[in-house]
Amino acid sequence: MALNAASHNVTGEKTGPVTAPPPALDSSSKAAILENASNEATGQSAPGQDGGDKDAPKKVKSEKELEKERKKAEKDAKFKAKKAAAASSSGAGAKEVKEKKKKEEKEVLPQYVEETPVGDKKILKSLDDPFNKAYIPQVVESAWYAWWEKEGFFKPELVNGKKKAAGHFTIVIPPPNVTGKLHCGHALANALQDVLVRWHRMRGFTTLFLPGCDHASLSTQSVVEKMLWRRDKKTRHDLGRPKFLETTMQWKVEYQGAIVKVLKRMGGSYDWTREAFTMDENLSAAVTETFVRMHEEGHIYRANRLVNWCTKLNTALSNLEVENKELTGRTLLDVPGYERKVEFGVITHFKYPIDGSDELIEVATTRPETMLGDTAIAVHPNDERYKHLVGKNAKHPFVDRLMPIVADSYVDPEFGTGAVKITPAHDPNDYAIGKRHNLEFINILTDDGLMNHNTGKFEGQKRFDVRYSVTEELTKLGLFVKKEDNAMKVPLCEKSKDVIEPLMKPQWWMRMKDLAEPAIKAVEDGELKILPELQERQYYHWMRNINDWCLSRQLWWGHQIPAYFVRIEGGDPQQPEDELWVTGRTEEEAQKKAAAKFPGKKFSLERDEDVLDTWFSSGLWPFSTLGWPKNTSDMENLFPTSVLETGWDIIFFWVARMIIFSLHLTGKVPFKEVYCHSLIRDSEGRKMSKSLGNVVDPIDIMEGISLQELKDKLRSGNLDPKELKTAEKYQNTAFPQGIPECGADALRMALVGYTTGGGDISFDVSVIHGYRRFCNKIYQATKYVLGRLGEFTPRSKAVQSGKESLPERWILHKLSTSSQLINDRLDKREFSLATQVAYRYFYEFLCDTYIENSKAIFETGSPEEQESAKQTLYTAIEGGLTMIHPFMPFLTEELWQRLPRREGDKTPSITVASYPQHIQEWDDEAAEDEYELLVGCTKGLRSLAAEYGIKESAITFIQPLDDATHKTLNASTSLPSIRSLAGKFVNDITILSPSAEAPKGCAVYTVGTTATVYLDVKGRIDVEKEIAKAKDRLAKATATIEKQKKIMDEEWEHKASAAVKETETEKLKAAEVESKNWEASIEQFMQLKL
């Protein structure tokens, strides 16, 4: 079978996972192929059959070129002679020849140079061109994107200024941080989003895929500051704020360009005329409007509260910017600014004396230095050990401070000593207790992490140096008890790796509880859905336990807060700081507000130097990018957006805030649906991390990279020697030959195929390379079709003539049902199952079956039958390419452009062609049943021949199990179809009657419940060996059945996704069929022994 799963693979590649390798050709077939190769080197792709110029004048060759060809012909003749001799030799010898052939026939091509001017429609070279004979991703994927962009195919198409009748479909990209390179997580998101956008565009929707980047305050400022110090030994303070912002903006332009390049290389159909950046003029105006409006409404307020403080970067951080390092016990960690490592993962016990008595109370802490900020000791109200002490005071041994002993039900009497030291200004839990009991809040740290004036003799010392000196002083006073291992989490700054300190700071905050209620209701009422459902439950949990949001960041890069401190001449120094602020969209507006708030007072305004948390501007992204707060056409036609596709890990920090902002500011949900994709892990299931060496650059997958180049990339980073060794070890294991060139199409299809809606993704480059072979299958199949069609004009519409043969009726039925199924899968966001539909239609139904069957018609059919076969073949390939286009945009455009257009069809690009839909008239279950029977019988014949190494002169039997099947198999077209699909290894096929006795001495293959296929193996196998092998295979099949049934229990039925259920059910069915086949074969082989 010439066009089986392996027939379109790159030379030397093994057969893909879908079908078994084909039976080897017999000697006559080999000779015919070699002769044809000698006579017509171009094969199916002769000029004029593929869009090339068949009438082009032949080049007159020079004597030097003729001599070169003569020598090459002599070399080929010698090679063929050797191959013919080797064909009859041992398997080892044949393998040696095959390897030699692979080396000799491999054509080394020069570097590809695209000749198409940028932005022009691609110049399609003949498929005989060296770069076009086989599928090369670099060649196929060149030139198209610039043309798509120039032609405006990605702009939203409006009719008389309004969206089209089908409606609108809008996705705004979750903006990547402008700081860094895009990784495979970004590639996954881009692929899923673009599949949906392209799918909707092809179905007639007004579509917009809006690109952009986030300014990423902390990340960007951190990177630029490091760059300044490395390059010029300067800090941002040396430059001053205006110059630093100018420098950062220049840096941003360079790095944003790199991000755009990758997004285009991935094929994302973005409208680049609408590209956004969170610090653009309009987006900045949206930020100012939101802050001022919500401050005026009372949702934003000023307060002195605990924040996550990074002493290295001197700023407050969001929870997302803090990494919690898990420790199981005593651990020494590197901390920025300390020469020696600092001890963590221990709990220190010490005692406080009770004022006015000799009694002591024991407490414990993992942060001994914070005892200098203790202002109370808490015990449980029902703890009999301490009831007599409640209301009394403990005396601090190092500072002049009495600390009340309070009763609070928060305290767990079973943990530790049951008495808890309270440091309200440096611990979130203690802060709450401090508020409840009106305790004193004493800050003991400077912004740089030094002890301040509230710490007595420890003032000026570093916080972690004091960790040791406090313990020493407690020991001298006899108050130290013990230290012991303690499992704990250490909060680290994501950027600086500094240990985070909870610190009291006057900041701007947003009240969230009331704002969260409408956001909860929108999801409860179905106005907005969150998928998978697990994420919806987590959304509810977080929203119902939401805390106020700290908005201030002590940075320069970002949106400077539009708030002004009113400094009143001769003002009351006791007046609370939070009462002396006004906000304004402009300074002029702030002046008017201050004058109204403090009538008759002389004052000056000082703008807050802090910037807003990056998530503030990101929360406005779905509508600020469409023009809000202005009333724009985009806001009218394209909002709310349709889908937000993102990682589940930021649903709280970003998704929830977008919903809150949008409902409050626009009165609408920001999107109709949230789809949370899985997180990508490496092939060993580990989280992607630079220190593990498993972060893979999408560009490296698309374009290929050697192992040495991968290592060079690692070494150019900042890994320490130990991490570098671990990373290189993983690379050696995962990419021993580097990463082969896979192309954007294969990467996209693989990533979408991974998305089951279930758990995290274990990412394996070899799977992507498998899809690279699938791309080659599509390429070569289309190339074959072009050769078969020749000079051909397809009908103006894809309709049946009524004279189609059984195979034609079957493929049109399959196209229609596959179209219905893939549209349903995509509508339900069953991405993995959608890729399987497209893959199966093109690979199994079209290539492996219909194209193979059509060969017999083209060779022996009447002119009328051949014309009908061409029309159907065209419709089938056209449908296949458009079906796969959202997943593989480059390859499908390259091939679609080579197809002849239907009469009257002026569609310029596959990007705006119509997506295949279910056509009821093509539904033909009778054709499906009849033809599936023939295909099943063929599969059985080929499977048996491959299993037992029967390469020629095979004697076979097919026994129908009922009269209807018998009638189908005896139809005039059935045997020719089976012979065409099976290949030339079959010498004889006998159709038995249902009542006939089963043939003896045969291997057996069951075709569902309708027929049994037999292959005569008498005298062609070692019976004892095959019985042993069959028993072994039967045992494995039985084990698989048991395993699958164990997996597929009631709990699994309830929890598993549709994609997983389908996969596992297929595994069970396959194992059951295999078991039945081996049982029947064993029975036959046992009879051969008698």
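The model is predicted, so please keep its confidence rules in mind: local features need pLDDT of at least 70, side-chain atom pairs count only at pLDDT 80 or more, and totals for chains, interfaces and linings use all residues. Residues are numbered from 1 along each chain as its sequence is written, and side-chain values use heavy atoms, with hydrogens and water left out.

**The chain as a whole**

- The protein chain has 34 helices and 35 strands; these are DSSP runs, numbered from the N terminus, with helices being H or I of at least four residues and strands being E of at least two.
- Of its 1090 residues, 51% count as buried. Here buried means under 20% relative accessible area, exposed means over 50%, and partly exposed lies in between (1.4 Å probe, protein chains only).
- The accessible surface of the protein chain comes to about 50500 Å², and 50% of this belongs to carbon and sulfur atoms. Areas come from the Shrake-Rupley method with a 1.4 Å probe, and for residues only the protein chains shown count as cover.
- Among contacts in the protein chain with a separation of 6 or more, 77% are between residues 24 or more positions apart, where contact means heavy atoms within 4.5 Å.

**A parallel sheet of three strands**

- Strands S21, S29 and S28 form an open sheet in the order S21-S29-S28, with parallel pairing. Two strands pair if DSSP finds at least two bridges between them.
- Strand S21 (529–531) and strand S28 (641–647) stand at the edges with a single partner strand each, so one side of each has no neighbour in the sheet.
- On average, neighbouring strands of this sheet are turned by 15° against each other, direction ignored. Axes are lines fitted to C-alpha atoms (for helices, over the stretch in contact), and angles run from 0 to 180 degrees between N-to-C directions.
- Three bridges link S21 and strand S29 (residues 671–677) in the parallel sense, and Lys 529 has Glu 673 in S29 as its bridge partner.
- Helix H14 (residues 533–544) lies across S21 and S29 and runs at about 120° to S21.

**A mixed sheet of four strands**

- Another open sheet has four strands in the order S15-S16-S14-S17, and its pairing is mixed.
- Its edges are strand S15 (393–395) and strand S17 (419–422); each has a single partner strand, so one side of each is left without a neighbour in the sheet.
- From one strand to the next, the twist averages 30°.
- S15 and strand S16 (residues 402–407) run antiparallel and are joined by three bridges. Asn 393 has Pro 404 in S16 as its bridge partner.

**Salt bridges**

- The whole structure holds 73 salt bridges, each being a side-chain nitrogen of Lys or Arg within 4 Å of a carboxyl oxygen of Asp or Glu.
- Glu 149 and Lys 264 form one, with their closest N and O atoms 3.2 Å apart. Glu 149 sits in helix H5 (residues 144–151) and Lys 264 in helix H9 (residues 241–265), so the pair ties together parts that are 115 residues apart in sequence.
- Glu 149 counts as partly exposed at 30% relative accessibility, and Lys 264 counts as partly exposed at 24%.
- Asp 383 and Arg 385 form another, with closest N and O atoms 2.8 Å apart. Asp 383 is buried at 8% relative accessible area, whereas Arg 385 is partly exposed at 44%.
- Lys 1000 pairs with Glu 997 at 3.4 Å between the closest N and O atoms. Lys 1000 is partly exposed at 44% relative accessibility, while Glu 997 is exposed at 63%.
- Salt bridges with shared partners join Glu 289, Arg 293, Glu 296, Arg 585, Glu 589 and Lys 593 into one network.

**Two residues and their surroundings**

- Glu 1064 lies in helix H34 (residues 1058–1089) and is buried, with a relative accessible area of 13%.
- The side chains of Glu 1064 and Gln 1044 are joined by a polar contact of 2.8 Å. A polar contact is a pair of N or O atoms within 3.5 Å; within protein, one must be able to donate a hydrogen and the other to accept it, and residues adjacent in sequence count only if both atoms are side-chain atoms.
- Arg 901 is in the loop between helix H28 (889–896) and helix H29 (925–947) and is partly exposed at 23% relative accessibility.
- The side chain of Arg 901 reaches the backbone oxygen of Trp 896 at 3.2 Å.
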